[in-house]
Structures are given as structure tokens and as C-alpha cells.
Amino acid sequence: MESLLQPDPYILVLTGTGFLIALVAWLPLALQRLPLSLPIVCIGLGLALFSVPQVGPAPLPLAYPEITERFTEFVVIIALMGAGLKIDRVFGLRRWQVTWRLILVTLPLSIAAITLLAGTWIGLAWPAALLLGSVLAPTDPVLAADVQVGPPKTGEEDEVRFGLTSEAGMNDGAAFPFVHLAIALALAASTGEPWAAKWLTYNVLWEIGAGVAGGYLIGRAFGWVTFRIPAETRLAQTGDGLIALAATFVSYGLTEIIHSYGFLSVFVTALTFRHAHRSHDFHRDMHDVTEQVERLAMMMLLLLFGGALARGLLTGLTGRDVLAVLVILLVIRPVAGMIGLAGFRAARSEKLTIAFFGIRGVGSFYYLAYGLNHMEVEDGARLWAIVGLVVLVSVLMHGLTVTPVMRLLDRTQGRDPDADATPPPGLQGPGAGQ
């Protein structure tokens, strides 16, 4: 009888994993026309689960700093590969004009504004304030699926969806030099060592340049092996989309080995891989695999985030912190976005949509975990509380508005938002397509 009351933890893990995988498959279909997003539901489930005292231990990020950094890193690189594979637009300076504006204008403006807010209003030391700015300025490639372009070759690539997808793909890598700048300033404050030359030559020039070059070369290599070699040994013949995961891990691993930005490399690899044969159906197979792995990992992570919220992640927040969070999401990002898009040839409604949907999420978790693991910060718990609240408010605010806003945008552009509404890969029932 006692063994019935105390089941084997291994069996509990298997059972919970089964339920989670079932939810991965079913929830996107169930939420398709509801003003809810999958992240909202996942966080809510985590809150409910970890509100039970017997469930534990508390999944607080400061208690597991290395696991937090590595798990969030894994989720982000999978999302970056998926984002790059599904962009139909050919890479180019003019074609990607909206992206360059968001990366070269909106991102630095956001970092500067959040840093100033954190160093004055919140009262953080300037290195910690810069870290917070670098953590919270980039938009997220993981939680922004509802505002991104559709799968490869589906034609779901208007300017808004393309801009938000390409921005999320690039700005994680583009923000990394500022994270390293915060680390360098913190080290210089304690040792007095010069930092500017090393930061500029190594963290900016080398790590960005090598990341882009490495990603391009790896993407070319995978593209050749997949599409160009003789047909009997061509990887595309296998129909096995797992090759996208191979490209992700090889790209990230090799570029990190040479100390460059792996996030940037993975996205460039995905774009180059896609360019090797843009019209091939195998891109859909690869995208479907990365999407399913990403969704499963994202749900696990958000369940743990909900658990951290239930176990006191936001404890210690002050009224100033809460107000700062609202300013970051409702003022800084929209204003910086509109400044970056000033003069861009697009409807005002499109610019406002891009500026508003600066979704924060898993990338912010990774950068904060990385920064705290590489520099001394007096109050890491407070930084986690602020970032946690930003992500929570972003998930709620953007998740509740994304369905009506994007449907309205489609209607104003003459598209039927209900046309060709197909569920995510693996969700089609036996009658699909009949």
C-alpha cells in the first residue's frame, strides 16, 4: 500500500513527459482561434503545478545557474535555425531594409534607453544597468512564433512578419557585444585593467566577423551535401529533417570553439542552407523537425518559468521596478521601433505593429544567466525578478493581443486570415487534405 502512495520518481517523469508531449501536439490546434498563446498556457500550468508544496525542488534560476544558461541556450539555437529556414525572402541590403533598421537603430537605442533607466531610476550600478539593457533590448525568436512568417514556401511573409522574424534571428547575436561590454566594465571596475581595445577588436570585430563567416561556410557545406552532390548520396534523398539539427549543432559548436558568436552563426547557417536550393520541399521537412523540437523544449522551459514564479522569482520587486518594466515594454521599445522605421516605406499600421511586438522571452533568460555567470553583480536576484516580470508581462500583453491584431492586419491588407489555416506539423488528423 505504501508503494502505491509513493510512486517511483522515474515513472512520474515518464508520465509527465507523456502529458507534455501530448500538449505539444494538441494545444497549438486548440488555441488557433483563441486570444491566447501557447506560452501563456504553459506558464499557467507551471504556476499551478509548482503551487503544490509536494512538487519540487523550486526551479529558481539562481539555484541552477549553469543549467539555466545551457537549457536556454539550447532552446534559442533551435529557434534560430527554424527562423532562418522559414524565411523565403532572398538575402540582400535593400530587400532586408526593415531588418537593418531594427538591428542598427532600434536595438542600440533600446539598449541605451534601458541602461539609462536602470542606472538612474532603478539605481543599479552602471555595469549591471548595461547588462540589463543588453538582456532586455533584443526580441525573442522563441516566443514570437505567432508574429513570424509561416513555414517555407507558404507565402506568409508580409513586411510585418518578415521584419519581426529577421529581427529576432539577428538581434540575439547583435546584442552579445553589449553583454560582453558590461562584463568588461565590471571587471575593469575591480581590477582597473584597460578594456576598450580588447572589447572592440575581439568581442566586436572578431566574434561578429568570425560568426558570420563561419555560419556562411557551414551553411554552404551543408547545402552542398544536402542538395548538390550526386543524387544517390544526396542528403535530401533521405527526407529526414533531422539534418537541420545537425546543422544547428555543428554551426554553433564550431563557431563557439573559435570563440565567435554562435547565435549569429546558426542564423546565418540557416539562411545560407535555405539559399542552396530555395524551392526544394526538403526545407519544409527540416523546418517541421526544428519546430517540433523547439516547441517541446519551449514548453518545458516555460513550465519551469511558471514554477519559478510560483516559488518566489518576483519576490523583492519594488514599485520602481514594476514601473520600469512597463516603461520598457510600452514606451522604450515602441518609440525606438518607430524611430528605426522612420522613413521606411510601409503603412503606419505596419510600423506600429512591428514596433509594438518586441516580444521578450527565452533569449533574455539566456543573456542574463550568461552575464551573471561571468561577472560579479551584487543583487542577481533582483535582476532575475525584473527580467522575469518583463517576460511575464510581455507574454501576457503580446499573447492576448497577437491574434486580433494580426487578423486585423491581414484584413486591412486584403488577406483572409482564415484561409489556408493549417495546424502546425504533426497535428493533421486522418481527414486532413480531403
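I call a residue buried under 20% relative accessible area, exposed over 50% and partly exposed in between, with a 1.4 Å probe and protein chains only. The model is predicted, so I take local features only at pLDDT of at least 70 and side-chain atom pairs only at pLDDT 80 or more, while totals for chains, interfaces and linings use all residues. Residues are numbered from 1 along each chain as its sequence is written, and side-chain values use heavy atoms, with hydrogens and water left out.

**Overall**

I looked up the secondary structure and found 15 helices and zero strands. Helices (H or I, at least four residues) and strands (E, at least two) are DSSP runs, numbered from the N terminus. Of the 434 residues of the protein, 53% count as buried. I then looked at contacts, meaning heavy atoms within 4.5 Å. Among contacts with a separation of 6 or more, 82% are between residues 24 or more positions apart.

**His259**

I found His259 in the loop between helix H9 (243–257) and helix H10 (262–275). His259 is not a glycine, yet its phi is positive, at about 60°. I noted His259 as partly exposed because its relative accessibility is 48%.

**Gly84**

Gly84 sits in helix H4 (residues 65–85). I noted Gly84 as buried because its relative accessible area is 0%. With neighbours within four places in sequence set aside, Gly84 contacts Phe267, Ala270, Leu271 and Arg274. I also checked Phe273: its C-alpha is 8.7 Å from that of Gly84, and the two are 189 residues apart along the chain.

**Helix H3**

H3 (residues 38–50) has 13 residues and spans 18 Å from its first C-alpha to its last. The expected span, 1.5 Å times one less than the number of residues, is also given as 18 Å for H3. I listed the buried residues of H3 as Leu38, Pro39, Ile40, Val41, Cys42, Ile43, Gly46 and Phe50.

**H12 and H13**

I looked up how helix H12 (residues 319–340) packs on H13: the angle is about 135° and the axes are 8 Å apart. Axes are lines fitted to C-alpha atoms, for helices over the stretch in contact, and angles run from 0 to 180 degrees between N-to-C directions. H12 is therefore oblique to H13. Angles under 35 degrees count as roughly parallel, over 145 as roughly antiparallel, 65 to 115 as roughly perpendicular and the rest as oblique. H12 contributes Arg333, Pro334, Gly337 and Met338 to the contact, and H13 contributes Arg348, Lys351, Leu352, Ile354 and Ala355. By class, this contact of H12 with H13 has five nonpolar, one polar and three charged residues. Ala, Val, Leu, Ile, Met, Phe, Trp, Tyr, Cys and Pro count as nonpolar, Asp, Glu, Lys and Arg as charged, and the others, Gly among them, as polar.

I also checked Glu350, which is in H13 (residues 348–356). Glu350 is buried, at 13% relative accessible area. Beyond four places in sequence, Glu350 contacts Glu159, Val160, Leu409 and Gln413.

**H14 and H15**

Helix H14 (residues 362–374) packs against helix H15 (residues 380–412) at about 170°, with axes 10 Å apart. H14 is therefore roughly antiparallel to H15. From H14 I listed Ser364, Phe365, Leu368, Ala369 and Leu372, and from H15 Gly380, Leu383, Trp384, Val387, Gly388 and Val391. The contact of H14 with H15 has eight nonpolar, three polar and no charged residues.
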